[in-house]
Amino acid sequence: MCGIVGYIGKANAKEIIVEGLRRLEYRGYDSAGIALYRNGKIETRKHVGELKNLEKIIADPEYDSYMGIGHTRWATHGVPSDINAHPHSNSDNTITVVHNGIIENFLELRRMLEEEHNVVFRSDTDTEVIAHLISLYYDGDLHEAVNKAVAKMRGAYAIAVICASEPDKIIGVRKDAPLVAGIGEGCNFLASDIPAFLRYVRRVIFLENNETVVVTREKITIYDENNEQVEREPYHVDWDVDAAEKGGYPFFMMKEIHEQPKALADTLKRRLDENGDIVLDGISLAREDIDRLSRIYIVACGTAYHAGLVGKYVIEKMTRIPVEVDVASEFRYRDPYVDENTLFIAISQSGETQDTLAALREAKGKGARILSVVNVVGSSVARESDDVFYTWAGPEIAVASTKAYVTQLMCMYMIGLYMGRLKGTLAEADYHDTIRELLAVPDKLAAFLEDDTQIKNLAKRFYRRNEMFYIGRGLDSTVAYEGSLKMKEISYINTFAIAAGELKHGTIALVEEGTLFITLATQDKLFEKMLSNIEEIRARGAYVVAVAKEGNREIETKADEVIYIPSCPDDLTPLLSVVPLQLFAYHVADARKNNIDKPRNLAKSVTVE
């Protein structure tokens, strides 16, 4: 997702905005640009490619300024190029805009501007339409002109606007895309995400949907969709800015893999009282609420969807309530049966995933109760939910999610335990035994992470492969999907994950001499069946790398190589078994010399459909 940074104050806006854009690089982009107010004019510079390309062309002190807006773009309308990069301006460069999201009716608006007002467009973007539209309505009041332009626009977007005639303000608008204001002393900020300005300010205001903000050096004023002023208490950010630094690791992804034990411990222990019982802050489900539930939907995208697959298994087993898992982009288009007896669980790392938000709103409109599992406080998904369960993963910078995923898993276990105990479908002994085993997971994972030599050596042998297969049974199949996705995301190898029992229904035709299979065999009750599947693929020449629990020596007679994870109950293995797959993907990508934190064509948060 694109990044927006705006600053107005006393310091050098150029340096602050570029630093903010650098802190948003993890969101993915293909070009970068900046617009600065100087000597009565707006100076705009932009360049395709990495941020360093932009920095070179604005290095001269002549670009120093006290106010400006910057942007990192991920192409939607128009190919990546200098011309299509943001910011975009009106014809005389007096009004300049940066924009995240999509203006769905931009062709209609563009045609109107060209045919009725003789506007000549410079780019292929939908964003340039916004600048010309604001210019059309501008009559000395930028705020009013922005409001009139926004009334004509359809879509999901966040915008920041500056005007040469009003150099004392930045106007921002939020509609289904994140925008947050930062409050400083004699300076203020506007950005897509908190890390952009966290080095400078700790007090932030999250904009709600359809709100406009006027940012000046001295104050931040919010207006609702009726142009009525809104009072809102700032939120104090207490996480450490250094948490978003690499800390000596070559890539954020490796740092975040190693932060998983702490993230898991934080997510669990913060929700346990002095008796060791789960207390879910932000969730007010009572026994009568749970008793009347007829079904639960878990809806998410990508890695969060894979966490939902584990959640289905866990929550259904502990509560005996039917659970369906749906890809968010498909949920609302199949007209699902949802009513007031439905619990809708949305999982999203960023809390801004557009497809998940749309599905959430669909379910809410039909009367469902909304429970969200998110990592970002104040995000859209969190604000629109009835109950919110925050993961404690901390900032996750790498595009390929690791610690957010395992903390989402931990949340699924805790929700299942909490609901199962309250409903009476989970025995007290099982409840306490599971919590005790969950408490042991962080230390087990930390011990496993002490040495990844075996996995690194595997990567050196197999990094040139063009395809890999991942298989498992039961919960292992859900982890196979996530391991396969991690490899796709950062190595660009074509991987395929499948439930092992499905091999004979077509996929086994692809197996030939030397085909690499990553096989998960951590489920004791399914182990014999998994061995049979391994026999099937080895008989056709496959090379098998197995992931199994410590103490299982029988697997060594069937697999070519075994990676052992610490022993734990079958139901909890996803918290551990996914980690060797994360490491394998990382080391393969590293051997291929890929940009691990910022893989091609991907963004951290997907805020368009």
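Tutor: Start with burial: buried means under 20% relative accessible area, exposed over 50%, and partly exposed in between, using a 1.4 Å probe and protein chains only. This is a predicted model, where local features need pLDDT of at least 70, side-chain atom pairs count only at pLDDT 80 or more, and totals for chains, interfaces and linings use all residues. Residues are numbered from 1 along each chain as its sequence is written, and side-chain values use heavy atoms, leaving out hydrogens and water.

Student: Is Lys 169 buried or exposed?

Tutor: Lys 169 counts as buried because its relative accessibility is 15%. Glu 166 is buried too, at 9%.

Student: What joins the side chains of Lys 169 and Glu 166?

Tutor: Side chains of opposite charge can pair when their charged atoms come close. The rule for a salt bridge is a side-chain nitrogen of Lys or Arg within 4 Å of a carboxyl oxygen of Asp or Glu. Lys 169 and Glu 166 form one, at 2.7 Å from N to O. By this rule the model has 42 salt bridges.

Student: Which parts of the chain does the pair Glu 211 and Arg 232 link?

Tutor: Their side chains meet in a salt bridge, 2.7 Å from N to O. The pair links distant parts of the chain, 21 residues apart: Glu 211 lies in strand E12 (residues 211-215), Arg 232 in the loop between strands E14 (229-230) and E15 (235-236). Strands (E, at least two residues) and helices (H or I, at least four) are DSSP runs, numbered from the N terminus. Glu 211 is buried at 5%; Arg 232 is partly exposed at 26%.
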